[in-house]
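Dear colleague,

Please find below the structure I wished to hand over to you. My notes on it follow directly after.

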Amino acid sequence: MKKYLLQISILLLLTYGMLAQTSNIGVLYVSENTQFSTVSQFDNLSQGTFNNDGETYVYDHFNNDGALDFYENTGIIKFIGSKTQNISGSQVSYLHNVLFYNSSSANPFHVSGEINISGTTDFYEGVVDNDNFGGQITFNTNGNHINTSNVSHVDGPVNKIGDQEFTFPIGDGGYYRLAGISAPENSSAFFKGKYYYESSNDLFSHELKSEDILEVNSQEYWTIDRVNDNSVDGLITLSWSAVTTPNTLVEAATQEALTIVRWDESSNIWIDEGGVVDPNNQTITTATTNYGVFTLGRLKTESELPCTLVVYNYVSPNGDGKNDYFEVEKTDDTCARELTLQVFNRWGVKVYEMNNYGEDGRLFNGRSSGRLTVKDSDVLPASTYYYILKYKYGNEADNTSHKKAGFLYLSDN
């Protein structure tokens with residue numbers, strides 16, 4: 001049954017500038033295929049209930065101290081302005097679709113309240129600034145965004161709840177610099193992402209890094225935290241840009257030397273998390289178990305390591321003697337020893353892990369257990385997977401390690 005406008009109370013508050021304010025102290029429902037707009041500031045007071053399933057236009061400030069939600073997945077709220085628009089309030093504003101469109105300044109949207117988005121956010125124009133005003137922006141399970149760019153993104157932290165993969169629409173200093181996560185297994189997973197266009201060196205010394213890292217990004221970094229469980233397997237993606245990223249790291253992307261590095265609190269150093277480079281989208285993706293502070297790094301190239309490992313990443317476990325398992329070819333144990341292989345599916349779930357890989361029949365043959373005998377529950381579906389190969393090299397006393405990452409292609413025949 002359709003719901004209609006039950007009650008709306010409008011208070012016109014005149015000031016010396018003859019500005020008006022629209023305040024709701026009752027129950028306001030904007031039904032599907034209905035438009036509602038406020039030219040002046042809109043204030044949903046503590047007594048007010050506002051449910052939007054239609055098309056709501058907000059041309060000025062927006063404040064919510066009451067109940068603000070939606071019934072159906074049909075509504076949209078459009079923040080369109082020609083001057084700064086404050087988005088404030090003491091209560092969470094639950095929104096479906098959202099449009100941000102304001103060209104009055106670089107950062108026209110000042111968010112000090114909390115908004116929770118379940119539909120699509122169109123970052124058409126205007127940076128949404130919650131970093132300087134303390135607001136919270138949360139994308140719910142099906143929340144997503146379009147048209148995100150340097151001229152329109154979130155400058156500040158963004159929350160993500162749910163079990164869907166997500167790209168954080170984050171930036172800083174006028175630059176959109178995305179970070180992404182794979183789909184968590186748990187529908188209650190809660191992530192928070194933020195981009196900093198500044199050096200992390202003062203907080204996390206770049207001199208403190210693992211042996212195989214030559215350089216840590218000195219101009220930018222990200223924080224990606226899993227708020228309710230910070231030690232769960234998943235994939236993360238970072239981006240690079242010729243404008244914000246040091247040139248040595250941009251060049252490293254073409255030399256198989258670009259990697260994702262993470263500040264490891266337990267060892268108090270930057271460690272290599274590995275990464276597969278996508279030059280077309282200028283992104284790099286890796287699997288991780290721990291979250292926190294990430295940035296880009298430059299590794300020693302293969303020519304600087306004791307030798308080159310050859311990885312055969314096509315696996316066709318049909319018993320014909322060709323590509324029946326994931327093969328790693330090495331010269332000797334000085335070149336690489338204590339190999340550990342981890343395999344992740346497209347959702348970032350670890351489906352296989354083996355220490356001392358390649359020894360005593362320890363081989364990945366398309367089964368999560370690594371067993372040579374067929375067990376239906378172990379057989380992985382044909383697909384593209386992601387692998388991380390960790391190994392130590394050089395003298396045992398040096399305890400130096402390296403990480404190689406890439407895609408693994410598993411066929412079912």
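**Sheet, cores and backbone**

Six strands form an open sheet with parallel pairing, in the order S3-S6-S9-S12-S15-S18. The edges are taken by strand S3 (35-38) and strand S18 (144-146); each has a single partner strand, so one side of each is left without a neighbour in the sheet. From one strand to the next, the twist averages 15 degrees. Please bear in mind that this is a predicted model.

Within the sheet, strand S9 (residues 76-81) and strand S12 (residues 97-102) run parallel and are joined by six bridges. Ile80 has Tyr101 in S12 as its bridge partner.

The largest nonpolar core comprises 48 residues, and Phe79, Phe100, Ile224 and Leu238 have the most contacts inside it. Helix H1 (residues 247-252) gives the most to this core, contributing three residues. A second, separate core has 23 residues, including Val315, Val328, Leu339 and Phe364. Beyond its neighbours within four places in sequence, Phe100 is in contact with residues among them Phe79, Ile87, Phe109, Ile115 and Tyr124.

Two backbone positions also deserve mention. Most residues other than glycine have a negative phi. Asn147, however, has a positive phi, near 60 degrees; Asn147 is placed in the loop between S18 and strand S19 (154-155) and is partly exposed, at 45% relative accessibility. Asp360 likewise has a positive phi, near 50 degrees. Asp360 lies in the loop between strand S38 (350-355) and strand S39 (383-393), and is exposed because its relative accessible area is 73%, over the 50% cut-off.

With kind regards

How values were computed
Residues are numbered from 1 along each chain as its sequence is written. This is a predicted model: local features need pLDDT of at least 70, side-chain atom pairs count only at pLDDT 80 or more; totals for chains, interfaces and linings use all residues. Side-chain values use heavy atoms; hydrogens and water are left out. A nonpolar core is a set of buried Ala, Val, Leu, Ile, Met, Phe, Trp, Tyr and Cys residues joined through side-chain atoms within 4.5 Å. Buried means under 20% relative accessible area, exposed over 50%, partly exposed in between (1.4 Å probe, protein chains only). Helices (H or I, at least four residues) and strands (E, at least two) are DSSP runs, numbered from the N terminus. Contact means heavy atoms within 4.5 Å. Two strands pair if DSSP finds at least two bridges between them. Axes are lines fitted to C-alpha atoms, for helices over the stretch in contact, and angles run from 0 to 180 degrees between N-to-C directions.
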